[in-house]
Amino acid sequence: MNKEKRTLIFQRFQQANPHPETELHYSNTFQLLVAVILSAQATDKSVNIATDPLFPFIKTPQDLLDMGLERFTQAIRSIGLYKTKAANVIKTCQILIEKYQGEVPHTREDLESLPGVGRKTANVVLNVAFGQTTMAVDTHIFRVSNRTGIAPGKNVLEVEKKLLKNVPKEYLLHAHHWLILHGRYICTARKAKCDICGISDLCDKNLSFK
């Protein structure tokens with residue numbers, strides 16, 4: 001795909017949704033970090049269902065530590081891999097207090113040192129909370145990038161690097177959200193909704209990528 005097509009694609013994404021946002025519910029950076037950790041191999045909807053009753057009372061790492069591992073584990077039991085995630089979140093809270101004065105760090109290295117935080121999670125926090133031009137490549141972005149031809153790659157890291165290189169700079173900050181939402185609601189895994197797709201005429205339509 002050439003530069004002109006990529007630019008048109010993101011122009012259309014911007015026109016359709018000028019201010020895209022994560023669908024995870026949160027009110028501060030700490031809650032965002034917790035929600036993103038919990039969202040691994042789970043839907044944003046399922047995470048919101050579990051965290052909506054909790055977040056009015058859990059706004060800091062200390063709040064969550066005061067709640068305790070057992071109560072927190074039970075509160076998120078509807079989310080996949082909830083026991084492992086609960087343990088990781090509690091450990092992360094301890095580190096945030098001991099090493100970062102209760103604040104969420106804003107570098108990739110520091111974020112990835114936290115339990116339960118991988119490259120994708122770090123990218124989401126860096127982008128959403130700190131306004132950095134990162135690409136958190138999940139299954140939706142991987143699929144859309146390959147199907148459309150925007151940034152084809154054999155693995156998530158390859159796609160991430162190509163997106164950072166190929167997406168026009170003026171669209172980089174929000175590109176992560178546009179691509180996720182497009183994959184979640186239009187270019188879906190089971191059957192792409194090409195008939196209602198706003199970029200169908202610009203797409204390579206490599207529908208073999210699920």
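Select Glu112 and Arg108 to start: the two form a salt bridge, with their closest N and O atoms 3.5 Å apart. A salt bridge here is a side-chain nitrogen of Lys or Arg within 4 Å of a carboxyl oxygen of Asp or Glu. This is a predicted model, where local features need pLDDT of at least 70, side-chain atom pairs count only at pLDDT 80 or more, and totals for chains, interfaces and linings use all residues. Residues are numbered from 1 along each chain as its sequence is written, and side-chain values use heavy atoms, with hydrogens and water left out.

**Stop 1: salt bridges**

Stay on the opening pair. Glu112 and Arg108 sit 4 residues apart in helix α7 (residues 108-112), so about one helical turn separates them. Helices are DSSP runs (H or I, at least four residues), as are strands (E, at least two), numbered from the N terminus. Glu112 is partly exposed at 34% relative accessibility, and Arg108 is partly exposed at 25%. The cut-offs are under 20% relative accessible area for buried, over 50% for exposed, and partly exposed in between (1.4 Å probe, protein chains only).

Next, select Arg119 and Glu160. Their salt bridge has its closest N and O atoms 2.8 Å apart. Arg119 is in helix α8 and Glu160 in helix α10 (residues 156-166), so this pair ties together parts that are 41 residues apart in sequence. Arg119 is partly exposed, at 36% relative accessible area. Glu160 is buried, at 5% relative accessibility.

Stay in α10 and pick Lys162 and Glu158. They form a salt bridge, closest N and O atoms 3.8 Å apart. The two are 4 residues apart in the helix, about one turn. Lys162 has a relative accessible area of 31% and is partly exposed; Glu158, at 28%, is partly exposed too.

Now show Glu23, Asp44 and Arg184, which are linked in a network of salt bridges. The structure holds 6 salt bridges.

**Stop 2: the nonpolar cores**

Select Leu64 and Phe72. They have the most contacts inside the largest nonpolar core, a group of 34 residues. Such a core is a set of buried Ala, Val, Leu, Ile, Met, Phe, Trp, Tyr and Cys residues joined through side-chain atoms within 4.5 Å. Colour α2 (29-38), α3 (44-51), α4 (61-67), α6 (82-100) and α8 (119-128): these elements give two or more residues to the core. α2 gives the most, with 8 residues.

Centre on Phe72. Beyond its neighbours within four places in sequence, Phe72 is in contact (heavy atoms within 4.5 Å) with Val34, Leu38, Leu54, Leu64, Met67, Ala86 and Val89.

Then find the second, separate core. This one has 24 residues, including Ile9, Phe13, Val159 and Cys197. In soluble globular proteins, nonpolar side chains tend to be buried together.

**Stop 3: a loop**

Go to Gln41, in the loop between α2 and α3. Gln41 is exposed, at 73% relative accessibility.
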